[in-house]
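Here's a quick walk through one protein and its ligand. Have a look at the model, then read on for the details.

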Amino acid sequence: MSRSIDQTSPITLSSDAIKQGLRTRWLGQPAIFSFDVVESTNTEANRLAQEGAPEGTLIVAEAQTKGRGRLGRTWVSPPGSGLYLSIILRPAHPADWLPRLTLTAGVAVASAIRQTGTTPQLKWPNDILIADRKVGGILTEAVFDRRRIDFALLGIGINVNTEQEELPVSIRNLATSLRLGLGKTVSRLHLLQALLYQFEQWYESLNTGNFAAILETWSEFDTTLGRVVEVFLPEKKVVGVAEALQSDGTLLVRDKRDHLHRIVAGDVVHCRLDLSSDLKA
Ligand code: BT5
């Protein structure tokens with residue numbers, strides 16, 4: 001079902017344009033909200049979900065003025081060159097299921113990007129990279145009713161045709177775009193449609209209990225396992241070798257004292273390999 005994605009489509013991501021050729025069964029089918037500019041598509045999604053918007057509602061924007069990453073960080077969202085979207089989901093699961101959603105979305109994003117002609121890497125838990133530079137990120141947020149998920153907001157940002165100059169100097173050396181990686185313009189519309197199709201398929205695998213298949217595909221794109229990593233947790237920092245993914249998607253990191261740390265969510269920095277000698281010291 002692989003389809004090449006090139007620039008032959010309209011420039012803007014109107015809901016009509018997105019619907020045409022969209023091959024999903026439910027994702028984007030209840031409604032697509034397409035904005036020129038919003039503070040954050042996740043903020044819009046939250047508002048709509050609070051008002052009762054059903055699972056599969058899609059929010060897309062040409063630009064964000066307060067695009068956000070995790071832990072209050074910013075997602076730089078210049079107009080017209082990237083994809084900025086949020087999907088409303090209503091999974092009937094407890095809170096500790098959410099990390100699986102982030103990994104599932106990573107597999108969907110990576111699979112869709114692969115159709116543009118480049119194979120991206122996934123950095124645990126939420127980064128999409130090309131040649132070790134960040135090309136996209138996933139932000140999973142949720143509202144809970146007691147300990148169960150009332151709704152989840154899956155936010156995805158991808159630098160598609162973004163030029164270096166559109167990114168602040170502070171992240172220029174860490175970030176890239178599909179256009180910069182491939183040397184050609186990519187259709188945001190076709191990439192979005194491919195991504196929605198991929199996500200719907202993988203989300204159904206997740207819901208039918210086939211997370212193992214998702215982890216297996218995640219591992220094909222993985223760039224974290226086997227590396228020396230620093231993991232920043234709220235209360236401490238763990239330095240060690242990223243050894244394995246557990247069946248629930250958590251990361252196992254072995255430190256130099258041979259202790260295994262189970263990382264549920266955290267900020268992971270890939271270290272240069274020469275740090276591994278420190279670990280063995
Ligand atoms: C993420 O956070 O990577 C999640 C990004 C999710 C963005 C989408 S866009 C649609 C939806 N609506 C939103 O408001 N957000 C979601 P995190 O792992 O915390 O990474 C944030 C870091 O990535 C920043 O601190 C920068 O270092 C870097 N960064 C920011 N903008 C970037 C960009 N455009 N390209 C590459 N790196 C970027």
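Ser81 is found in the loop that runs between strand 2 (58-64) and strand 3. Keep in mind that this is a predicted model. Is Ser81 buried or exposed? Its relative accessibility is 5%, and since buried means under 20%, Ser81 counts as buried. The Ser81 side chain also has a partner: it makes a polar contact with the side chain of Glu166, at 3.2 Å.

Now for the ligand. There are 27 residues around it, and the ones that come nearest are Ser40, Arg68, Arg73, Lys134 and Asn159. By type, the shell around the ligand divides into 10 nonpolar, 12 polar and five charged residues.

Here are some of the protein–ligand atom pairs, with their distances:

| Residue | Protein atom | Ligand atom | Distance |
|---|---|---|---|
| Lys134 | polar side-chain atom | oxygen | 2.7 Å |
| Arg68 | backbone N or O atom | nitrogen | 2.8 Å |
| Thr41 | polar side-chain atom | nitrogen | 3.0 Å |

How much of the ligand's accessible area does the protein cover? On its own the ligand has 800 Å² of it, and the protein covers 92% of that. The space the ligand takes is the largest pocket.

Which elements give two or more residues to the shell around the ligand? They are helix 2 (41-50), strand 3 (82-89), strand 6 (133-145) and strand 7 (148-159).

Notes:
Residues numbered from 1 in each chain as written. Predicted model: local features only at pLDDT ≥ 70, side-chain atom pairs only at ≥ 80, totals over all residues. Heavy atoms only, no water. Near = heavy atom within 4 Å. Polar contact = N/O pair within 3.5 Å; in protein donor to acceptor, adjacent residues only side chain to side chain. Areas by Shrake-Rupley, 256 points an atom, 1.4 Å probe, with all protein chains shown as cover. 1 Å grid on protein atoms, 1.4 Å probe; cavity = no way out; pocket = protein on both sides within 12 Å on 5 of 7 lines; lining within 4 Å. Sits in = over half its atoms within 2 Å of the grid points. Helix = DSSP H or I, 4+ residues; strand = E, 2+ residues; numbered from the N terminus. Nonpolar A, V, L, I, M, F, W, Y, C, P; charged D, E, K, R; others polar. Buried < 20%, exposed > 50% of the residue type's maximum accessible area, 1.4 Å probe, protein only.
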